[in-house]
Amino acid sequence: MNRLKNFFFKNNFIKLKYGLNPIDKEAYFVNNRRNIQVFNGNPSYINILDALYSYNLVLDIKKDLNKIAASSFKHNSPAGASFSDNVFDSVYQARNCDSLSSFGDFISVNDKIDEETALYLKNQVSDGIIAPDYCTDALKILKEKKKGNYIVLKADFIDSYETDIQYRTLFGTELYQTRENVFIDENINHQYLDSIKLGFNTCKYTQSNTIVIVYENNAVGISAGQQNRVQSVEIAGNKLNNWIKKHNLEDKIDYNKLILVSDSFMPFKDNIDIAKKYNIKTIVSQEGSIRDKEVIDYAKELDMEFITFKDRLFLH
C-alpha cells in the first residue's frame with residue numbers, strides 16, 4: 001500500500017471523492033499520456049471508470065465510422081450509445097435508448113459540447129460528462145448544474161488507443177495484461193454495416209456476458225454482466241421491446257434492420273430461439289464454438305442471417 005501511495009504522490013495525482021463506496025476514503029487517479037482535466041465537480045472512483053470506458057467507446061466509433069457519437073454509462077457499462085451528424089441528437093438518443101437505466105448516468109461525447117446540448121442536460125438527472133472540448137456557454141451551464149457539483153471532464157486526446165497496458169492490485173495480488181483494441185473484420189460487407197460496427201464497438205466496453213441490439217444508429221438493447229448468454233439475449237430483447245413501446249414504433253419499425261451482436265460465440269441453439277422471439281434478423285457473433293455449424297444452420301432455418309468475427313470481446 002505504501003509503495004502505491006508513493007507512486008501516486010510522485011506523479012500528477014488527483015484525489016477522488018471516494019472509492020467504489022463512500023466508506024472507501026482513499027482514492028486517487030493519475031493522469032498519464034492521455035490526460036484528463038477536471039473542469040468541475042469532485043469525481044469518484046466509479047465516475048472515472050465510467051468516463052474512461054465511455055469516452056474510449058465514442059472514440060472508437062469516431063475511428064470506425066467517422067461519426068459524432070455519444071454514450072450513456074452506468075456502473076461501467078453503457079445504457080445506450082448512438083451516433084448522428086450532430087452532438088445534441090447523439091446525446092439525446094444515447095440517453096433515450098434505455099432512459100430508465102440512464103437515470104443518473106455518466107455521458108461521453110467525441111465532439112465539442114454546444115449550448116443546445118448543455119441546455120438539454122441542465123434539467124436531466126446525470127452525474128457527469130466527458131468530452132474533448134466545450135463551448136464557453138455550454139461550460140458555464142454545466143458548471144452550474146447540481147448546485148455547482150456536476151462533474152465536467154475534458155479529455156486532452158481524441159485518438160483511439162491501439163494497445164492498453166492494464167494493471168490491477170486486488171487482495172494483495174497484482175495482475176497485468178496488454179489489451180488489444182480490435183475492430184470488426186474488414187472483409188465483412190453488409191447493407192447495415194454501420195449498425196454492426198456500432199454494436200461491435202459497444203460490446204467492447206460492456207461487462208461480459210454482453211449482448212447488444214442495434215436499430216439503425218442506436219444501441220437500444222444492451223445486456224451487461226450476465227453469467228449465461230441466454231439470459232443476456234432475453235434482457236437485451238426486453239430492453240428492445242421497451243424502446244419500441246416508449247417511442248410508439250410498433251407499426252413503424254423495420255425489423256430487417258435489427259442487428260444483434262454478441263461479445264463471444266453462441267454456444268447453443270437456445271440463444272437463437274430467444275433472438276427469434278424478439279424478431280432479430282441478423283446475428284453477429286464470434287466464431288469458434290464446437291457447435292458453430294449447428295447453431296449457424298439453425299439460425300438460417302429460422303430465416304436469420306448469421307455473421308461471424310474472429311476476436312472475443314470480453315470485458316471484466
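Contact here means heavy atoms within 4.5 Å. The exercises below concern a predicted model.

**Exercise 1. Surroundings of S232**

Task: Find which residues S232 touches, not counting residues up to four places away in sequence, and decide whether S232 is buried or exposed.

Solution. 
- Step 1. Locate the residue: S232 belongs to helix α7, residues 229-246.
- Step 2. List the contacts. With residues up to four places away in sequence not counted, S232 touches N209, T210, I211, S223 and Q226.
- Step 3. Look for a polar contact. The side chains of S232 and S223 are joined by one of 3.0 Å.
- Step 4. Classify the accessibility. Buried means under 20% relative accessible area; S232 is at 0%, so S232 counts as buried.
- Step 5. Take up one partner, N209. This residue sits in the loop between α6 and β11 (211-215), and a cis peptide bond with omega of about -5° joins S208 to N209. Most peptide bonds are trans.

**Exercise 2. Surroundings of N96**

Task: Determine where N96 lies and which polar partner the side chain of N96 has at 3.1 Å.

Solution. 
- Step 1. N96 is placed in the loop between α3 (87-95) and β6 (105-109).
- Step 2. Neighbours within four places in sequence are left aside; N96 is then in contact with Y120, W243, K246 and H247.
- Step 3. One of these, K246, has a side chain in polar contact with the side chain of N96, at 3.1 Å.
- Step 4. The N96 side chain also reaches a backbone atom, the oxygen of Y92, at 2.8 Å.
- Step 5. The relative accessibility of N96 is 12%, so N96 counts as buried.

**Exercise 3. Packing of α2 and α6**

Task: State how the axes of helix α2 and helix α6 are arranged, and which residues make the contact.

Solution. 
- Step 1. Take the geometry: α2 (residues 45-65) and α6 (residues 193-204) pack at about 150°, and their axes are 9 Å apart.
- Step 2. Apply the cut-off. Angles over 145 degrees count as roughly antiparallel, so α2 is roughly antiparallel to α6.
- Step 3. Assign the hand: the crossing of α2 past α6 is right-handed.
- Step 4. Read off the residues. From α2 they are L57, D60, I61, D64 and L65; from α6 they are D194, K197, L198, N201, T202 and K204.
- Step 5. Sort them by class: the contact of α2 with α6 holds five charged, four nonpolar and two polar residues.

**Exercise 4. Packing of α4 and α5**

Task: Carry out the analysis for helix α4 and helix α5: what is the angle, and how many residues of each class are in the contact?

Solution. 
- Step 1. Helix α4 (residues 115-122) packs on helix α5 (residues 136-144) at an angle of about 10°, with axes 8 Å apart.
- Step 2. Angles under 35 degrees count as roughly parallel, so α4 is roughly parallel to α5.
- Step 3. On the α4 side the contact uses E115, A118, L119, L121 and K122; on the α5 side it uses D137, A138, I141 and L142.
- Step 4. By class there are six nonpolar and three charged residues in the contact of α4 with α5, and no polar ones.

**Exercise 5. Pairs separated in sequence**

Task: What are the C-alpha separations of K277 from G237 and of L49 from N76?

Solution. 
- Step 1. K277 and G237 are 40 residues apart along the chain, and their C-alpha atoms are separated by 8.4 Å.
- Step 2. With a relative accessible area of 48%, K277 is partly exposed.
- Step 3. L49 and N76 are 27 residues apart in sequence, with a C-alpha to C-alpha distance of 6.4 Å.

How values were computed:
Residues numbered from 1 in each chain as written. Predicted model: local features only at pLDDT ≥ 70, side-chain atom pairs only at ≥ 80, totals over all residues. Heavy atoms only, no water. Axes fitted to C-alpha atoms, helices over the stretch in contact; angles between N-to-C directions. Helix = DSSP H or I, 4+ residues; strand = E, 2+ residues; numbered from the N terminus. Parallel < 35°, antiparallel > 145°, perpendicular 65-115°, else oblique. Left-handed = near helix turned anticlockwise from the far one by under 90°. Nonpolar A, V, L, I, M, F, W, Y, C, P; charged D, E, K, R; others polar. Buried < 20%, exposed > 50% of the residue type's maximum accessible area, 1.4 Å probe, protein only. Polar contact = N/O pair within 3.5 Å; in protein donor to acceptor, adjacent residues only side chain to side chain.
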